[in-house]
Amino acid sequence: MDRKTVLITGASSGFGYAMAEKFASEGHNLILLARRLHKLKELHDKYKGKAKIFYTQLDVRNLNSIENFKSELPDKFEEIDVLVNNAGLALGIEKAHEASIDDWLAMIDTNVKGLIYFTRLFLPDMVKRNRGHIINMGSIAGTYPYPGGNVYCATKAFVKQFSLALRADLLGTNIRVTNVEPGHSETEFSVVRFHGDATKAENLYKGTKPLSGSDIAEIVYFITSLPEYININRIEIMPVCQAFSPLALHRKE
Ligand code: NDP
Ligand code: 8X3
């Protein structure tokens, strides 16, 4: 594939970090964003001989910071070919009547508002150049609800439908949009979800073979390297150890 400029949000860990490694090792130009700058510097220092990397600290919940970041991008990084809206999180696993409203707002601000900010700011340039690919990080949670998923599931349902609706708006252009929907995967995701309780997170993966960051990075790389007339609309990925439950039935004692 031609050398591309790839912007990845949430590149400091998990899927984002692995995607940065994959695109950098293939020699693409990278813009890496997250709140933990030292992790981005680590990527920069490891791959600076292979790829041009611009990185900066950014909170995707802050529209003004994103606007400033965009206006200050160095010339050679201005034309984004692939925008990976990956930054996101789940917080809590409580049922809706017990969940924290602050956790809910943080998920909406990050997974929904952060993603639409980047899309709205970078899409016009893509349309002008009639070139580009938006990769949104959805989840199986956007299709299959589960107890305690409530707002997290809803944010990922938004991401799925927003991605499909973008395709409708972009008909007639060469711009591609893909919603990537992974299932059970081992990253920092569960430690974050359980508010730093690493033992609880470890238990979730015990006895399973989850997807890894590099599994998803390989798939995203494949999607972006397809001929430009092909669009993968949605791709749902689970490890073999995961499948569907029957619908739940509550019976009276
Ligand atoms: P990680 O926790 O390992 O990575 C999340 C990334 O998002 C980090 O780089 C983090 O960076 C960044 N991030 C979170 N909040 C913000 C913010 N406000 N501003 C900027 N960056 C932010 O989890 P994953 O790699 O698993 O998650 C990546 C995406 O994949 C998420 O959207 C998640 O919902 C989705 N997903 C995860 C699955 C899983 O089971 N792991 C399955 C399906 C989808 P920092 O903290 O440095 O800011
Ligand atoms: C993460 C997958 O099933 O833990 O998006 O919600 S799940």
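Which residues have the most contacts inside the largest nonpolar core? Hold that thought for a second. This is a predicted model, where local features need pLDDT of at least 70 and side-chain atom pairs pLDDT 80 or more, while totals for chains, interfaces and linings use all residues. Residues are numbered from 1 along each chain as its sequence is written, chains are lettered from A and ligands numbered from 1 in written order, and side-chain values use heavy atoms, without hydrogens or water.

Okay, the answer: Ile-8, Met-19, Leu-30, Leu-32, Val-180 and Ile-216, in a core of 30 residues. By nonpolar core I mean buried Ala, Val, Leu, Ile, Met, Phe, Trp, Tyr and Cys joined through side-chain atoms within 4.5 Å, with buried being under 20% relative accessible area, using a 1.4 Å probe and protein chains only. Helix 1 gives the largest share, 7 residues; helices here are DSSP runs of H or I, at least four residues, and strands are E runs of at least two, numbered from the N terminus. Apart from that core there's another, of 22 residues, including Leu-7 and Phe-118.

Now Thr-5, in strand 1. Thr-5 counts as buried because its relative accessibility is 5%.

On to ligand 2. Around it sit Ser-139, Ile-140, Ala-141, Tyr-146, Tyr-152, Phe-189 and Arg-193, each with a heavy atom within 4 Å. Ligand 2 has an oxygen 2.5 Å from a side-chain N or O of Ser-139, and another such distance, to Tyr-152, is 2.6 Å. The protein covers 79% of the 240 Å² of accessible area ligand 2 has on its own, by Shrake-Rupley with a 1.4 Å probe.

Key: Buried means under 20% relative accessible area, exposed over 50%, partly exposed in between (1.4 Å probe, protein chains only). A polar contact is a pair of N or O atoms within 3.5 Å; within protein, one must be able to donate a hydrogen and the other to accept it, and residues adjacent in sequence count only if both atoms are side-chain atoms.
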